[in-house]
Amino acid sequence: MADSATPVPVVPQQKGGTRRPTLSRRREVSHASARSLLMTILGEYVLPRDQSIWTSTLVEALRVLDIEEKSARQALARSSAEGWVVSERVGRRVRWSLTPPGRRLLTEGAERIYAFGNEENEWDDRWLMLIVSVPEAKRDLRHRLRTRLTWAGFGSPVAGVWVSPDLSRQREAQQIVQELGLDAQAMSFSAAYGEVGDQETMVSRSWDLSDLKDRYEDFIDRFTGTHPSGERGVLRAQTELVHEWRSFPFLDPRLPLKLLPDGWSGVRAADLFHRKHVEWRPEAQAQWDELAATSG
């Protein structure tokens, strides 16, 4: 799935017409920016601590990641406007706290990021198949359907047919077609693959794994053999490690190992991430506490 995919709506309505903040998956997988790095910092260091954080600390943390002060402050303003953080003035200074929606978002994100690659991947050889047709004239609707099913991990071997080896995704598929007004045209089945053709061909036609493989190998090349040093070296390395890894839960359809190429690089990348994260975490957290104490 590509970074340029159109995101799902980012400001859904709650009962009573009130708007609640949400985060498009496109933003989750965008290239490094001040705002996306800020979200990583908030999730990795601010979320575990139930306390406010000064503007100067966040600006300094982003400076460690080569983000200029102006961009750092703009990222804070954007995150505040979107409802993730709230500011409080204390004399001439400002400190920031996570809002309840921001805390929920980051908690869910942390669970997804840190669990990804550690899940048991048992498979009973059964497939979920979704058949849903959209008239050619409704190109925008076709694009929205493709985008959302792709984000949900489905692949499409032929037009109008979507498949997933994860039967638990049926509820999400149902929600997608209902929200797009396509539930009357949709049908789903769960079954084992038959005797006509082969699964390997279906997988290769349903998912382009070559780009994902390249991304995993870039991740491995970047962090293998990395030994951070210096005053904020581990803080920077840990933040970059988490930031780079957090896109993979959205990019990877999480196919069973038996459907993946031999020596799949995603396995090695997951092992590297979890090993480095555990190795660097104590020092990174200590450097964050020191930065907060000296810049606050």
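This report looks at salt bridges and helix packing in one protein model.

The model is predicted, so local features need pLDDT of at least 70, side-chain atom pairs count only at pLDDT 80 or more, and totals for chains, interfaces and linings use all residues. Residues are numbered from 1 along each chain as its sequence is written, and side-chain values use heavy atoms, with hydrogens and water left out.

**The overall picture**

The protein has 12 helices and 7 strands. Both are DSSP runs numbered from the N terminus: helices are H or I with at least four residues, and strands are E with at least two. Of its 296 residues, 44% count as buried. Here, buried means under 20% relative accessible area, exposed means over 50%, and partly exposed lies in between (1.4 Å probe, protein chains only). Contact means heavy atoms within 4.5 Å. Among contacts with a separation of 6 or more, 76% are between residues 24 or more positions apart.

**Salt bridges**

Side chains of opposite charge can pair when their charged atoms come close. A salt bridge is counted when a side-chain nitrogen of Lys or Arg is within 4 Å of a carboxyl oxygen of Asp or Glu. By this rule, there are 20 salt bridges. Three of them are listed here.

| Pair | N to O distance |
|---|---|
| Arginine 35 and glutamate 82 | 2.6 Å |
| Arginine 73 and glutamate 69 | 2.9 Å |
| Arginine 78 and glutamate 82 | 3.9 Å |

Which parts of the chain does the pair of arginine 35 and glutamate 82 link? Arginine 35 sits in helix α2 (residues 34-46), while glutamate 82 is in the loop between α4 (69-81) and β2 (85-90), so the pair joins distant parts of the chain, 47 residues apart. Arginine 35 is buried, at 6% relative accessible area, and glutamate 82 is buried as well, at 18%.

Glutamate 82 also forms a salt bridge with arginine 78, whose relative accessible area of 41% makes it partly exposed.

Arginine 73 is partly exposed at 43% relative accessibility, and so is glutamate 69 at 45%.

Salt bridges can also join up: Asp66, Arg222, Arg236, Glu240 and Glu244 are linked in a network of them.

**How helix α2 packs**

Now look at α2 and its contact with helix α3 (residues 55-64): their axes come within 10 Å and cross at roughly 115°. Axes are lines fitted to C-alpha atoms, for helices over the stretch in contact, and angles run from 0 to 180 degrees between N-to-C directions. That makes α2 roughly perpendicular to α3, a label used for angles of 65 to 115 degrees. From α2, the contact involves Ala34, Leu37, Leu38, Ile41, Leu42 and Val46, and from α3 Leu58, Ala61 and Leu62. By class, this contact has 9 nonpolar, no polar and no charged residues. Nonpolar covers Ala, Val, Leu, Ile, Met, Phe, Trp, Tyr, Cys and Pro, charged covers Asp, Glu, Lys and Arg, and the others, Gly among them, are polar.

Helix α10 (residues 233-245) packs against α2 at an angle of about 105°, with the axes 10 Å apart. These two helices are therefore roughly perpendicular to each other. Ser36, Leu37, Thr40, Ile41, Glu44 and Tyr45 in α2 meet Leu235, Gln238, Thr239, Val242 and His243 in α10. The contact of α2 with α10 has 5 nonpolar, 5 polar and 1 charged residues.

Conventions. Parallel < 35°, antiparallel > 145°, perpendicular 65-115°, else oblique.
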